[in-house]
Amino acid sequence: MKRALALAPLTALWLAAAPPLVIQNGTILTVTKGTLHGSVLIRDGKIVQVGENIKVPSGATVINAAGQFVMPGIIDCHSHIAAESINEGSVSVSSMVGIQDVLNPEDIAIYRALAGGVTTANVLHGSANAIGGKCSVIKMRWGKSADELLFAGSKPGIKFALGENPKRRGGGTAFGATTLRYPATRMGVEDVIREAFTEARAYQASWKLYDARKAKGELVIPPARDLKLEPLVEVLEGQRLVHAHCYRQDEILMLLRVADEFGFKIRTLQHVLEGYKVAKEIAAHGAGASTFSDWWAYKVEAYDAIPYNAAIMTRKGVLVSINSDSDELMRHLNNEAAKTMKYGGLTETEALSLITINPAKQLMINSQVGSIEAGKDADITIFDGHPLSNFSKVIMVLIDGQIYFDREKDLSQRPVRENRRKELISKAAEEQKRSAPASSRRPGL
Amino acid sequence: MKREFVLLPVMLCASAVLLAEGPAVYAIHDARVIRVSGPPLEHASVVVRNGLIEAVGENITPPADAWIIEGRGLTVYPGLIDALSTIGIPGAAAPPTAATPGRTGGPRPVAAAPLPTPIVPPASPAAGPEDRPSNTSFLRAADQIVAADHSVELARDGGFTTAVTFPINNIFAGQGVVFDLSGTRTGEMVIDPSAGQYITLRSNGFTSFPGSLMGVIAYIRQIYLDSDHYKVAKAIYDKHPNGLERPAYDRTLEGVIQSPRVLLPAHRAVEVDRMLQFARELKSKPVLYGGEEAWRVVDSIKKSGAPVLVTLKWPEKAKDLDPAINEPLRVLEIRDKAPSTPGVLAKNGILFAFYTDGIATPKEILKAAQKAIDAGLAPSDAIRAFTLNAAEIYGLADRLGSIDKGKIANLVVTDGDLFADKTQIKYVFVDGNKFEPAPESPDAKPDAKKDMEKTQ
């Protein structure tokens, strides 16, 4: 284990030469292939083998998980951590902005998410406008650069929002009442989305026309690239996933109709607290639903919610996940998932799926993460008890086969860090004392 | 104490009186000469003629027509360059030093002080990049500097002969100027009116686009794309005006196209990485400014080849910080390590220069530099960071930054090591004009202080 730790900061080249890793004697909740008592063999950041009897290769690092529970790293389909801005709320269509531009790999929320067993999150733009900014799927690679947080191969996404937030007219009085932001109603939100996609279609057509005329050898000035419309064209072409913040059944149906009309798909409905009322329609569109377990009534549109939402939608054939939307809630998504067993009677595996394989499918990263299967990324969380018990704690978290959280190490480092802190405080105080007399000699200034 | 405070401006005015309509030829004889471009020379002479350095060396006979300055015990340095300033722009505050704050508890190496310059409110709300909000890329500091501005003299008295001044009040703030700190007509002072485009990442909140950091970044990206398109469209149109739609003239794009380099704020390590990547995307030559945490990301800076302008205003504990707050280790470490940045950059062969970031007095500027020396910067590299490095960053090393034949005669003559506490600046030469700064501290010349008090 020590060896694995030492290897963590080294480059990919070294990684290839890293010794294999075996997690032994644990209860392994694969989520997709049942539960077994045994081992997981990891090589080069990937799960190579899962089974009851795995021979430990020579030179392998062994993690003894006796009495512990090994599950796939938790995936949060709705988060706002690790970003230095969330809302471009000045306009109703802000598809030109993206979270990737403002990722902050030093946000302590990343480490705290790890401590809650989370390995992957969909970091979304906020819900201030009908069409928001581009999202980033990240892995909690604490200590790495912003670029290295990005989930390689994940499909790009974009945030939409319906209802109360996007119809707020803006907070500024700087320019007088006449310049308040459009829209002010749910009808207006629909209009903004329609208008944006109408514009995007025209933009798409202008490039097609240009390409055609140029191919014919005509003299044409190319259209100017438009960073606002490009992501919307990608949505139309099925290259960008739409994650739509919503609450009420009427607005959910509205969005599904608009999407059908323009010929694109809503990948996930986020929050979707009234999803249980229109689960059949959601399933028919093929949208996923990412919801809270029992968090509601924080505003009018969030009143008609029930804790059975996730279970009912699941039973109606909707692909459901439980998300956090909060750096605090993010640290106990396992408990959130467990609530669906009480409210709606989901099975253990179904409950675990809500925070692992289901969000992975929603984000279209399920070929890489979301379950413990050979060939997938070694993103693994080890609990000291069953993860669906709220008495269980995260012991260790691996991403790509590297240890990113180790509870024991964290605890042992605390006094060391505190000492270093005290050292620096006294050093700064001494420096100040030394330089103080000189400056007090200087007159005037 | 209060009275002495009032005295300072009077003393500074006094130094202006000392500006003589002097001779055109000077020879500083038998001095220690820190050329910067080569090893220091002992008992050497520097000959200045018509604003240029005519000769420098150990065996030089002063020309017959030269005004001789006995240099025994004196040290001659190249004139100092403030690599990023607002010197010469009346009423301008220093460029903002505050890092863009981390939203979710990201570390802030500099005290989160309010921006020293007010954000210029847009005249009307912008609905997107097409409205060109906060964009005065076409402004040129060369057209804004005022020769008689008090800041010019203040800096010169501290040994600064050259400043690189930028407009700083917008996202695309405008183009900087490299200019010498002496002259009556600004046109004569200007060395290069196209020093680069100064970028800030300030946003307007929810009232007007861009309202967030990512909005600002997206906006800058769109402007650069538009500039590329503008060039292409104009080129096609200029060739075939007959029968093609005329591209619209856009001064905000002209300003970007005319800028040979782009200055990007990068205080924290995260920001350094972010801005380097952004510059690659913009296909523009970046100069990073800030750099307090650059020591953590030397590899990526080195790989990029981007130079860094390092602020001399080291991060400090906020004066009004609640004593009950336990500052996290990260914040303490950033503060502790910031002055080690220049030393680390020098060791890694990364080109960097100092900027004074609105530090009030020349003495404090040198003291801040001494802090970097204490933290591992070689004194010779410190001098370089005030002189030749800045010239190299702005592509002017062929005429500025060292004491070499043919270069502009910008010199500082001191009675000792530039960074030593007791050292006095005896003369400053700007474009070959000799200035004698007023004594720095009235303590050193009690008589002068008394005289001043009498004049009150």
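This is a predicted model: local features need pLDDT of at least 70, side-chain atom pairs count only at pLDDT 80 or more; totals for chains, interfaces and linings use all residues.

Colleague: Good. Which residue of strand 13 of chain B stands opposite B:Val262?

Modeller: That is B:Pro286. Strand 12 and strand 13 (residues 286–290) of chain B pair in the parallel sense, over five bridges.

Colleague: And how many bridges link strand 11 of chain B to strand 12?

Modeller: Two bridges, with strand 11 (residues 197–199) and strand 12 of chain B also running in the parallel sense. In that pairing B:Tyr198 stands opposite B:Leu263.

Colleague: Is strand 12 of chain B mostly covered or mostly open?

Modeller: Mostly covered: five of the five residues in strand 12 of chain B (262–266) are buried. B:Val262, B:Leu264 and B:Ala266 point one way, while B:Leu263 and B:Pro265 point the other way, and all are buried.

Colleague: Nice. Switching to B:Thr387, where is it found?

Modeller: B:Thr387 is in the loop between helix 11 (379–386) and helix 12 (388–393) of chain B.

Colleague: Buried or exposed, and why?

Modeller: B:Thr387 counts as buried because it has 31 C-beta neighbours inside 10 Å, and the cut-off for buried is 20 or more.

Colleague: Which residues does B:Thr387 touch, leaving out those up to four places away in sequence?

Modeller: B:Val36, B:Pro78, B:Leu80, B:Ile81, B:Gly401 and B:Ser402. As for B:Ser203, its C-alpha is 34 Å from that of B:Thr387, and the two are 184 residues apart in sequence.

Colleague: Then what is the phi of A:Met364?

Modeller: It is positive, about 60°, although A:Met364 is not a glycine. A:Met364 lies in the loop between helix 12 (357–362) and strand 14 (380–383) of chain A. With 15 C-beta neighbours inside 10 Å, A:Met364 counts as partly exposed.

Colleague: And B:Asp30, where is that one found?

Modeller: In strand 1 (residues 25–33) of chain B. B:Asp30 has a positive phi of about 60° too, and is not a glycine. B:Asp30 has 18 C-beta neighbours inside 10 Å, so it counts as partly exposed.

Colleague: Last topic, chain A overall. How many helices and strands are there?

Modeller: Chain A has 13 helices and 16 strands. Its radius of gyration is 25 Å, close to the 22 Å from the globule rule for 445 residues, so chain A is as compact as a globular protein of that length. The C-alpha trace of chain A spans about 80 × 65 × 55 Å along its principal axes.

Colleague: What share of chain A is buried?

Modeller: 50% of its 445 residues count as buried. Taking contacts in chain A between residues at least 6 apart in sequence, 68% join residues at least 24 apart.

How values were computed
Residues are numbered from 1 along each chain as its sequence is written. Chains are lettered from A and ligands numbered from 1 in the order in which they are written. Helices (H or I, at least four residues) and strands (E, at least two) are DSSP runs, numbered from the N terminus. The radius of gyration is taken over C-alpha atoms; the globule rule is 2.2 Å times the number of residues to the power 0.38. A residue is buried if 20 or more other C-beta atoms lie within 10 Å of its own, exposed if 12 or fewer, and partly exposed in between; C-beta atoms are placed from the backbone. Two residues are in contact if their C-beta atoms, placed from the backbone, lie within 7 Å. Two strands pair if DSSP finds at least two bridges between them.
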